[in-house]
Amino acid sequence: MGADYLGGQFTASCLKVGTSSFADFLAASAPELLPGAGAAGPGAKPAAGPGAGGQRGADLPHGTTIVAADFGGGVIMAGDRRSTAGNMIAQRDIEKVFRSDDFSCVGIAGVAGIGLELVRLFQLELEHYEKIEGRTLSLEGKANRLAAFVRGNLGGALQGLVVVPLFAGFDEETGKGRIFSYDVAGGRYEERNYHSIGSGSVFARGSLKKLYTEGMAEADAITACMHALYDAADDDSATGGPDLTRRIYPVVAVVTEDGFRRLTDDEVGEYAQAIVAERMQSPGGPIAPLRQATT
Amino acid sequence: MPFYVSPEQAMKDKADYARKGIARGRNSVVVTYDEGILFVAPNPSSALHKVSEIYDRIAFAAVGRYNEYENLRVAGVRFADTRGYQYAREDVTARGLANWYAQVLGSIFTESNKPYEVELVVAEVGDAQDEDQMYRITFDGSVADEHGFVAMGGQAEQVAVVLKERYATGMSIDAALGAAIAALSSQGNGEGGINATQLEVAVLARGRAHRTFRRIRGARLEELLTQARSGGGKAKAAKGTEGTGGAADDTAAEPSPGDPTAP
C-alpha cells in the first residue's frame with residue numbers, strides 16, 4: 001500500500017481506451033482505493049446471523065435526518081447537524097447535505113464515515129464524467145450511478161454499516177425539481193414532492209405532509225423543511241434541533257435552474273430564529289386546519 | 001529487422017517523423033494575463049477540443065494528432081482525479097502532471113516504433129500572476145518550464161517571436177487575446193481567417209474558487225475579439241478600467257458545468 005500510482009501498470013491503464021466512469025476506472029486500475037476495499041470487501045466475513053451484524057456499527061458515528069421537498073422553481077434539501085455514536089452525541093456540527101454537482105445535491109443518513117466517502121466518490125464521479133465527456137450526465141443518469149454506489153456497500157450494510165443517501169436535483173430537461181431515495185440494496189425510488197430519510201424521518205415526513213403544498217414558494221418550502229427538522233429533533237433523540245446558543249443551524253441547499261446554492265449560516269439563522277420564536281407560542285408548530293374550508 | 005540501424009539514426013528518424021506530423025497542424029498559444037491564463041487555438045470544430053480542463057486549476061492544451069492527444073488528455077484527467085481522490089485536491093499540481101506526461105511521452109518515444117505526434121502544454125493558474133505555471137512537453141518527453149507565454153506547433157518559434165513583442169506582464173484579457181491572434185495569424189493562418197467560429201478560446205480564471213476552467217465562446221468571444229482588435233494591446237492605460245470589470249466579465253462567459261458555488 002501507499003503506492004504513489006506513478007507505476008507503469010497504473011500509467012498503462014490511464015492510457016487505455018475505456019470508461020468515462022471514475023469508479024469503474026478505479027475498480028480496474030486501483031481497486032484498493034475504492035471505499036469498502038478494506039472493511040467489507042469480497043473477502044470480508046459475512047455476519048453470523050440476522051441479528052448479529054446489526055450491532056456491528058452501532059458505536060460508530062451515525063448521521064440522522066435529511067429532508068427534501070420540491071417547490072415551484074426547484075428543490076430544497078435540508079439536514080440537521082447532529083451525529084450520534086450510540087447514546088453519545090459524536091458531533092454537533094456535522095454536515096450531511098452536499099453539492100454533488102451544479103444541479104444536484106445529496107444527503108446521507110447512516111454510518112457517517114461510509115456515507116462521507118460515498119459522497120466524495122459520487123461528486124468525483126460526476127465531475128470526472130463531465131471532464132471526459134464534455135457534458136454532464138442527465139439527472140436520471142446521476143441517480144442511477146448513485147444507486148450503483150449504494151449497492152456497492154451492500155456487503156458492509158449486511159454487517160451493520162448501513163448508509164443510505166437522498167438525492168435531489170433540478171432536471172434541466174423538464175425544468176422541475178426531482179427527489180430520489182434509496183435502499184441499502186441499491187433500490188432507487190423516485191419520490192413525489194417530498195421525502196425524508198434517517199432516524200427522525202418518520203416525524204419529519206409526518207410534519208412535511210401537513211406543511212407541504214404543491215408549487216409553494218422557495219421561502220415557504222425552506223420554512224416547511226426547517227419545521228420538519230424541528231419536529232424530527234423534537235421526537236428523535238438522534239436528531240439535533242437548531243442550536244441558537246452556538247449558532248449551529250441545519251444545512252439548507254436549494255437547487256434551481258440557476259444551479260446549486262447553499263444558504264449561508266446567517267440566512268438559515270433567520271429561518272431558525274423565526275421558527276424557534278413561533279414555537280415559543282405554539283410548541284407543536286403550525287396547526288393545520290382540521291376541516292377543509294368550505295365556501 | 002534485416003538491416004542494422006544505429007540508435008542515433010533510429011531516434012533521429014522518429015523525431016523527424018514526429019516533427020513533420022506536428023508541423024502539418026496549426027499552432028496554438030497559451031498566454032498569462034492579469035486575471036488568469038488564456039488558451040487560444042485555431043479550431044473549426046466546436047466539439048473536438050484542443051484545450052481542456054484537467055483539474056481545479058489545471059488545464060491542458062495540445063497540437064498534433066487528435067486521437068493521440070485526446071488519449072493523453074483522458075489519461076491526465078484519470079491521473080489527476082486519482083491523485084486528488086487518494087490525497088487531497090490541493091495535492092494535484094501541474095508540475096506533477098507535467099512530469100508524468102514527460103514519462104509517458106518519453107517511454108512511448110523510445111519504446112514504440114511510432115512516436116506520438118503531439119506537443120502539450122500543462123498550465124496551472126496561481127494566486128498571483130507570478131505563481132502561474134506552464135510546462136511545455138514535446139513528443140520525446142522533454143519538458144520546458146515556460147513563463148508568461150508559450151507557443152506550440154510546427155512554427156512555434158516564429159509564433160513565439162511575435163508573442164514576445166506583444167506580451168507584457170499584467171496585460172488584460174483582451175490585450176492577451178490580441179497578442180495571441182497577432183501571433184497566430186503571423187504564421188499563415190491569416191488575420192482574415194480568424195473569427196470567432198474558428199477559434200477555440202478558454203481561460204483558467206484566477207479569481208474563481210474550485211473549478212477555474214471556462215470556455216469562452218459565442219457572443220462573449222465576439223465581444224472580446226472586437227475589443228482585442230480595437231485595443232490590440234496598444235492602449236494599456238485604457239485597459240486599466242477594463243481590467244476591474246474582468247472578473248464580472250468572466251462570470252458572463254459560458255456558464256460551463258462546475259460552477260464554484262460549492263460550500
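Q: What percentage of the 263 residues in chain B are buried?
A: This is a predicted model, in which local features need pLDDT of at least 70 and side-chain atom pairs count only at pLDDT 80 or more, while totals for chains, interfaces and linings use all residues. Residues are numbered from 1 along each chain as its sequence is written, whereas chains are lettered from A and ligands numbered from 1 in the order in which they are written. A residue is buried if 20 or more other C-beta atoms, placed from the backbone, lie within 10 Å of its own, exposed if 12 or fewer do, and partly exposed in between. Among the 263 residues of chain B, the buried share is 49%.

Q: How many helices and strands does chain B have?
A: Helices (H or I, at least four residues) and strands (E, at least two) are DSSP runs, numbered from the N terminus. Counted in this way, chain B has eight helices and ten strands.

Q: Which helix of chain B gives the largest share of the side that touches chain A?
A: Two residues are in contact if their C-beta atoms, placed from the backbone, lie within 7 Å, and 19 residues of chain B are in contact with 24 residues of chain A. On the chain B side, the elements that give two or more residues are helix H2 (66–86) and helix H3 (94–111) of chain B. The largest share, ten residues, comes from H2(B).

Q: How many nonpolar residues does this side of chain B have?
A: Ala, Val, Leu, Ile, Met, Phe, Trp, Tyr, Cys and Pro count as nonpolar, Asp, Glu, Lys and Arg as charged, and the others, Gly among them, as polar. The side of chain B that touches chain A has five polar and four charged residues, while its nonpolar residues number ten.

Q: Which strands stand at the edges of the open sheet of five strands in chain B?
A: Two strands pair if DSSP finds at least two bridges between them, and the order here is E3-E4-E5-E6-E7, with antiparallel pairing. Each edge strand has a single partner, so one of its sides is left without a neighbour in the sheet, and this holds for strand E3 (51–55) and strand E7 (143–146) of chain B.

Q: Which residue in E4(B) stands opposite B:Tyr55?
A: E3(B) and strand E4 (residues 58–64) of chain B pair in the antiparallel sense over four bridges. Opposite B:Tyr55 stands B:Ile58.

Q: What angle does the direction of helix H7 (residues 218–235) of chain A make with that of E2(A)?
A: In chain A, five strands form an open antiparallel sheet in the order E11-E2-E3-E12-E13. Helix H7 of chain A packs on this sheet, touching E2, E3, E11 and strand E12 (251–256). Axes are lines fitted to C-alpha atoms, for helices over the stretch in contact, and angles run from 0 to 180 degrees between N-to-C directions. Between H7 of chain A and E2(A) the angle is about 160 degrees.

Q: What is the phi of A:Asn193?
A: Most residues other than glycine have a negative phi. A:Asn193 is found in the loop between strand E10 (188–191) and strand E11 (194–197) of chain A, and with 18 C-beta neighbours inside 10 Å it counts as partly exposed. Although A:Asn193 is not a glycine, its phi is positive, at about 70 degrees.

Q: Between which strands of chain B is the loop that holds B:His210?
A: B:His210 is another residue other than glycine with a positive phi, near 60 degrees. B:His210 is partly exposed, because 15 other C-beta atoms lie within 10 Å. Its loop lies between strand E9 (199–205) and strand E10 (213–216) of chain B.
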